[in-house]
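Below are some notes on salt bridges and on one helix pair. Please read them with the model open.

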Amino acid sequence: MAGRHGPLMPRGGGKPFSRGSRIAIAVAVGVALGCVCAFLYPEGLFLRPSTSALKWPHHVGSVACESSDKVTNLKSQLLSLERKNAELKSQINELSMKIQLAGQGKNESLYKAGPFGTVKALRTNPTVIPDESVNPRLGKILEEVAVKKELIVALANSNVREMLEVWFTNIKRVGIRNYLVVALDDNIESFCKSNGVPVYRRDPDEGVDSIAKTGGNHAVSGLKFRVLREFLQLGYSILLSDIDIIFLRNPFNHLYRDSDVESMSDGHTNMTAYGFNDVFDEPSMGWARYAHTMRIWVYNSGFFYIRPTIPAIELLDRVAGRLSREKAWDQAVFNEELFIPSHPGYEGLHTSRRTMDMYLFMNSKVLFKTVRKDAQLSKLKPVIVHSNYHPDKLDRMKAVIEFYVNGKQNALQHFPDGSE
């Protein structure tokens, strides 16, 4: 019974399988079973979910969130860059204009014309950089008095003390805080201080003081072009006022501030105040007898708003220089420098200018010749009334107060139109 087994015999009594045949059959069966298992269990019989598979949905959400944050951040950066770009463009335009004004060269390629009907030149010149070293004492006063770098300034000496009191009394009544009297002598300085009026006394200057103490209206009026220069250099816009003016409303609420000089007019109609085409007739010329001219009545040098720009300072220098060399009326020189254009042998002043509304900034000719006789116009309350056309200034100033402030309807009636 014991002993070795014999070779396997195939069923049916065939020849026994050899050892190599049995190995081959086993391999074939294993391969067949492997194929079946691979087909039935493609991911394996005992495969556990991988860590990467478990974390995939979370990873997708994280990427989406990060992308959203990046887009928001990029949008914010883009808006910031656009704002910065706009600021830089504005600075470029301003610096380009300053370069041109300083005469350091012109670069016309910086500006391109737009479509027809859309082109407009620069209306408002840039202001100068304030130079506090010019007059530190005045600078401290202006810091306290000015509002938004603006103030009313008047020059006065003892010859006009009574009118000055009427002038500042009405300024106080209107509620204007930003005004300053430039005292041309000790008495006016003391008078202003005793009445709570902001006052500034210039440092001694022989060239100015000799006129300031003894000069009449025209002489004193000419001083303002020298005095105002320091105000502009310090960076302040000035509303220059003679003291024969009654303030009825705050003038700073009625300014445009788009020009170097904004002035009231001596004109008394729309044509004379704002300009007109005046035809000159010369019959001896026959067919060419009619010559067209442009005319405008002069600006009043006793009431104007001036901005701290290079052309404005040049205007003051030109007028003050001429008045020191010539026996001339300051208002005539003021207008000649403003309006006479460049021509052979003369370089005109490149200032921008605006004429004030003649019914708001009213001269006494408009008031006494037109307004007081018109039922509708007399209902309008002007911003200021300037008694520039009449010698009886104080009486007319008081009458203006009676009419516009106290409501006395016949207060203006007894005055003649003119000075007869």
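**Notes on charge pairs and a helix contact**

1. Arginine 318 is buried, with a relative accessibility of 19%; the cut-off for buried is under 20%. The model is a predicted one, and this value is computed from it.

2. The partner of arginine 318 is glutamate 314: their side chains form a salt bridge, 3.1 Å from N to O. Glutamate 314 has a relative accessibility of 32% and counts as partly exposed. Both residues belong to helix H9 (residues 310-325), where they sit four residues apart, about one turn of the helix.

3. This pair belongs to a network of salt bridges that links Glu314, Arg318, Arg322, Glu326, Glu336 and Glu337. Over the whole structure, the search finds 21 salt bridges.

4. Which residue forms a salt bridge with aspartate 330? The partner is lysine 224, and the closest N and O atoms are 3.8 Å apart. Aspartate 330 is buried, at a relative accessible area of 2%. Lysine 224 is buried too, with a relative accessible area of 2%.

5. Helix H5 also packs against another helix. The axes of H4 (residues 161-174) and H5 come within 12 Å and cross at roughly 30°. Angles under 35 degrees count as roughly parallel, and H4 and H5 are therefore roughly parallel to each other. Their crossing is right-handed.

6. Which residues make the contact between H4 and H5? On the H4 side they are Arg161, Leu164, Glu165 and Phe168, and on the H5 side Ile188, Phe191 and Cys192. Sorted by class, the contact has five nonpolar residues, two charged residues and no polar ones.

Notes
Residues are numbered from 1 along each chain as its sequence is written. This is a predicted model: local features need pLDDT of at least 70, side-chain atom pairs count only at pLDDT 80 or more; totals for chains, interfaces and linings use all residues. Side-chain values use heavy atoms; hydrogens and water are left out. A salt bridge is a side-chain nitrogen of Lys or Arg within 4 Å of a carboxyl oxygen of Asp or Glu. Buried means under 20% relative accessible area, exposed over 50%, partly exposed in between (1.4 Å probe, protein chains only). Helices (H or I, at least four residues) and strands (E, at least two) are DSSP runs, numbered from the N terminus. Axes are lines fitted to C-alpha atoms, for helices over the stretch in contact, and angles run from 0 to 180 degrees between N-to-C directions. Angles under 35 degrees count as roughly parallel, over 145 as roughly antiparallel, 65 to 115 as roughly perpendicular and the rest as oblique. A crossing is left-handed if the near helix is turned anticlockwise from the far one by less than a right angle, and right-handed if clockwise. Contact means heavy atoms within 4.5 Å. Ala, Val, Leu, Ile, Met, Phe, Trp, Tyr, Cys and Pro count as nonpolar, Asp, Glu, Lys and Arg as charged, and the others, Gly among them, as polar.
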